[in-house]
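Here's a friendly walk through one protein chain, meant for someone meeting it for the first time. Have a look at the structure, then read on.

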Amino acid sequence: MPKNTTTSLMEVEGSGESCETPERINKIACACAVVASIISIIFGYDTGVMSGAMIFIKEDLKINDVQVEVLAGILNICALVGSLAAGRTSDYIGRRYTIVLASIIFLIGAVLMGYGPNYAVLMTGRCTAGVGVGFALMIAPVYSAEISSAKSRGRLTALPELCISLGILLGYVSNYLFGKFTLKLGWRLMLGVAGLPSIVLAFGILKMPESPRWLVMQGRLAEAKKTLLLVSNSKQEAEHRFRDILVAAGINKNCNEDVVKVSNTTRGEGVWKELFLRPTPAVRRILIAAIGIHFFEHATGIEAVVLYSPRIFKKAGIIGKDKLLLATVGVGLTKTVFICVATLFLDKAGRRRLLLTSTGAMIIALTGLGFGLTMAEQSKEKLTWALSFSIVAVYVFVAFFSIGLGPITWVYSTEIFPLKLRAQGSSIGVAVNRLMNATVSMSFISIYKAITIGGAFFMFAGIAVLAWIFFFFFLPETKGRSLEEMEMVFSKTSDASRSRNDTV
């Protein structure tokens with residue numbers, strides 16, 4: 001009888017994982033996602049703290065603007081390498097041990113940056129931390145998505161982005177506090193303390209279970225089923241999720257073996273061919289969607305605001321290091337608060353609706369910021385209204401980015417890939433993300449010197465318009481769908497078209 005019940009449940013499209021207690025988040029799944037997301041706090045801190053630390057590093061090490069741009073952007077170039085390596089690594093050693101490896105790499109980078117006697121050592125530490133960033137950005141959302149159910153996946157997979165924002169805020173606060181120390185000690189403390197959470201995470205993640213989907217890919221079915229019982233709200237839900245994963249992995253759904261032999265393709269071999277050389281139409285659309293959303297996340301200018309907010313506020317008319325750093329803290333606080341808001345609505349309002357609303361508001365905010373900065377820069381005297389207008393525009397831009405495009409990028413790109421393509425497919429998206437991040441962070445100073453700082457934000461507004469058009473036509477709704485249903489969502493069916501139209 002239980003077997004027939006499970007089978008009939010599987011036939012109801014989209015019902016699977018949420019058939020019981022749909023609103024309750026499993027405590028163990030939540031704890032797993034929270035612990036995994038600590039690594040994102042470290043990355044966020046490293047990003048946020050550098051915005052203020054650069055002020056002191058430039059003064060202490062006597063470096064020029066080009067060296068500052070390289071120092072800011074090199075982390076993301078190295079993260080690109082790390083993210084590409086992380087996909088294959090996590091398929092071999094598992095999601096959990098990949099997080100441990102990322103923590104160790106972060107720790108080494110933080111120690112080198114905290115020591116930083118000269119520019120070369122500082123760059124070495126920044127590059128090392130960058131590899132850790134690449135690992136972290138790929139593995140934290142993947143682990144969170146694979147451990148959670150369909151009804152809670154949006155909230156739990158958004159946790160890494162929330163933790164990045166919290167880390168950025170802590171980095172800004174660290175700038176303000178350690179900025180009161182001596183020049184040589186202050187910025188080194190800012191960068192060095194990032195190593196402490198890495199130690200906590202490396203030990204904490206070992207207490208967490210491995211991803212059940214990765215265990216199935218290895219043929220370790222008994223362990224996967226045991227983990228699903230821990231992270232599901234009922235035995236029935238665990239059984240249904242288990243059978244869905246078996247089907248996705250190409251294993252008979254009625255298999256009762258504890259350990260089975262799996263093919264190399266199930267283990268992650270030949271993934272690049274399936275992604276690039278011989279993709280199905282659905283996989284091709286999934287890849288385009290993942291690359292596109294990662295491209296536009298940073299092409300619309302968030303890194304320019306987060307990393308160079310002291311310079312932006314200075315151009316708007318704020319003077320004095322303390323005032324600049326305090327205004328920057330406001331950026332971090334705004335980002336964190338609105339990411340929290342986003343986690344509450346992702347599984348209710350849906351990804352698509354939030355994404356289109358967010359991007360539309362970003363277009364307005366970026367246009368306003370470009371106008372305010374242009375007026376402030378061209379005026380020979382201080383314009384209080386232009387200063388206030390620019391600050392409000394920055395906060396509005398950050399708020400709407402954080403309620404939509406920021407968290408949804410990671411939730412969406414992680415959940416849409418089929419099981420055997422997920423880790424390496426996600427790593428491609430992260431690589432594009434880091435490439436765009438590096439492009440913006442390493443070129444923003446040069447761009448605003450060439451076309452003015454107001455012109456730079458008008459440019460970002462134009463790119464945001466293109467982003468809205470892309471999201472409208474290429475990103476269907478995925479709310480409430482199990483991970484195993486995503487290929488169907490991206491197939492050319494009437495159901496896919498209906499889900500895209502009904503949620504606008």
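Predicted model: local features only at pLDDT ≥ 70, side-chain atom pairs only at ≥ 80, totals over all residues.

A disulfide would need the two sulfur atoms within 2.5 Å. Looking at it from the other end, the cysteine sulfur closest to that of Cys30 belongs to Cys32, again at 9.2 Å. Across the structure, the disulfide count is zero.

Cys32 is buried, with a relative accessibility of 0%, whereas Cys30 is partly exposed at 28%.

The mean pLDDT of the protein chain is 83, and 91% of its residues get to 70 or more. Among the elements, helix α21 (residues 453–474) has the highest mean pLDDT, 95, while helix α1 (residues 2–10) has the lowest, 37.

## The nonpolar core

Which residues have the most contacts inside the largest nonpolar core? They're Ile57, Phe457 and Phe471, in a core of 150 residues.

Setting aside residues up to four places away in sequence, Phe471 touches Ile293, Phe296, Arg352, Leu355, Leu356, Thr359 and Leu405.

## Charged pairs

Side chains of opposite charge can pair when their charged atoms come close. A search of the whole structure turns up 14 salt bridges. One of them joins Arg126 and Asp46, at 3.2 Å from N to O. This pair links distant parts of the chain: Arg126 is in helix α5 (residues 119–147) and Asp46 is in helix α2, 80 residues apart. Arg126 is buried at 2% relative accessibility, and Asp46 is buried too, at 3%.

Another salt bridge connects Arg188 and Asp60, with the closest N and O atoms 3.2 Å apart. Arg188 lies in helix α8 (residues 183–192) and Asp60 in helix α2, so the pair ties together parts of the chain 128 residues apart in sequence. Both Arg188 and Asp60 are buried. Arg243 and Glu239 form a salt bridge as well, their closest N and O atoms 3.0 Å apart. These two are four residues apart in helix α12 (residues 235–248), which means about one helical turn separates Arg243 from Glu239. Arg243 and Glu239 are both buried. There's also a network of salt bridges, linking Asp91, Arg95, Glu146 and Arg422.

## A proline in a loop

Is Pro418 buried or exposed? Pro418 is buried, because its relative accessible area is 13%, and the cut-off for buried is under 20%. You'll find Pro418 in the loop between α19 (405–415) and α20 (422–451).

What does Pro418 contact, leaving aside its neighbours within four places in sequence? Its partners are Val283, Ile286 and Glu487. Pro418 and Glu485 are 67 residues apart in sequence, yet their C-alpha atoms are 8.5 Å apart in space.

Methods. Residues numbered from 1 in each chain as written. Heavy atoms only, no water. pLDDT = per-residue confidence, 0-100. Core = buried A, V, L, I, M, F, W, Y, C linked by side-chain atoms within 4.5 Å. Buried < 20%, exposed > 50% of the residue type's maximum accessible area, 1.4 Å probe, protein only. Contact = heavy atoms within 4.5 Å. Salt bridge = Lys/Arg side-chain N within 4 Å of Asp/Glu carboxyl O.
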